[in-house]
Amino acid sequence: MNSNQKISKIVTLSMAIALVTVCTMVIRIPTVKGYTNFGDIMIFVIAAILGRKYGLIAGGIGSMMADLLGGYFIYAPATLIIKGMEGLLFAIVYEKLNQETAISTLIAGLVAALEMMTGYFIYNYFMTGYAAAITSLISGDITQGLVSAVVAVPIILAIKKTKFRLINQ
């Protein structure tokens, strides 16, 4: 790999992280325990277009940065892992289904969203107890996951239809 390719990959990853952070922070719908955001949509798009490594890193670091910048420090470590795994899982399922259809894209989004919901439920359960964990799940995480999975589908299909390719990658 030459130096232009390395720089291109670093810039692409940095932009992906920034996009997740911005999409998480710009659209904030307050819930009982935090907020619902649209960062997951960007995680799904990045994972579908750029693959596993980008989905993992941009999902984890981008979402964690949003937590840190937004004052949700207690969630930052969990977010790094949960959202990183969400991006990785989306990419794995999307690749395994090997179909660029609305249904296969939606399935990948729903599987990844289920991981996110489960991850935050477990984290909240240990941090604040069952009642708070179930409240957070019902009041925000389910909506966030479902909306993100559905909204990401037409975006991903439109980008894929353009035969989008990065320079030097």
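Colleague: On what basis are the residues and their features reported?

Modeller: This is a predicted model, with residues numbered from 1 along each chain as its sequence is written; local features need pLDDT of at least 70, side-chain atom pairs count only at pLDDT 80 or more, and totals for chains, interfaces and linings use all residues. Side-chain values use heavy atoms, with hydrogens and water left out.

Colleague: How many helices and strands are there in the chain?

Modeller: Helices (H or I, at least four residues) and strands (E, at least two) are DSSP runs, numbered from the N terminus. The chain has 6 helices and 2 strands, and from the N terminus on their order is α-β-β-α-α-α-α-α. Its radius of gyration is 16 Å, close to the 15 Å from the globule rule for 169 residues, so the chain is as compact as a globular protein of that length. That radius is taken over C-alpha atoms, and the rule is 2.2 Å times the number of residues to the power 0.38.

Colleague: How is the packing of two helices to be read?

Modeller: Two packed helices are described by the angle between their axes and the distance between the axes. Axes are lines fitted to C-alpha atoms, for helices over the stretch in contact, and angles run from 0 to 180 degrees between N-to-C directions. Helix α4 (residues 76-97) packs on helix α5 (residues 102-128) at about 155°, with the axes 8 Å apart. The pair is therefore roughly antiparallel (angles under 35 degrees count as roughly parallel, over 145 as roughly antiparallel, 65 to 115 as roughly perpendicular and the rest as oblique).

Colleague: Which kinds of residue form the contact of α4 with α5?

Modeller: The contact comprises 16 nonpolar, 5 polar and 3 charged residues. Ala, Val, Leu, Ile, Met, Phe, Trp, Tyr, Cys and Pro count as nonpolar, Asp, Glu, Lys and Arg as charged, and the others, Gly among them, as polar.

Colleague: At what angle do α2 and α4 pack?

Modeller: Helix α2 (residues 39-50) and α4 pack at about 45°, with axes 9 Å apart, which makes α2 oblique to α4. With helix α3 (residues 52-70), the axis of α2 comes within 7 Å and crosses at roughly 155°, so α2 is roughly antiparallel to α3.

Colleague: Where does α6 bend?

Modeller: The bend at a residue is the angle between axes fitted to the seven residues ending there and the seven starting there. Helix α6 bends by about 45° at L137. K163, which follows α6, has a positive phi, near 60°.
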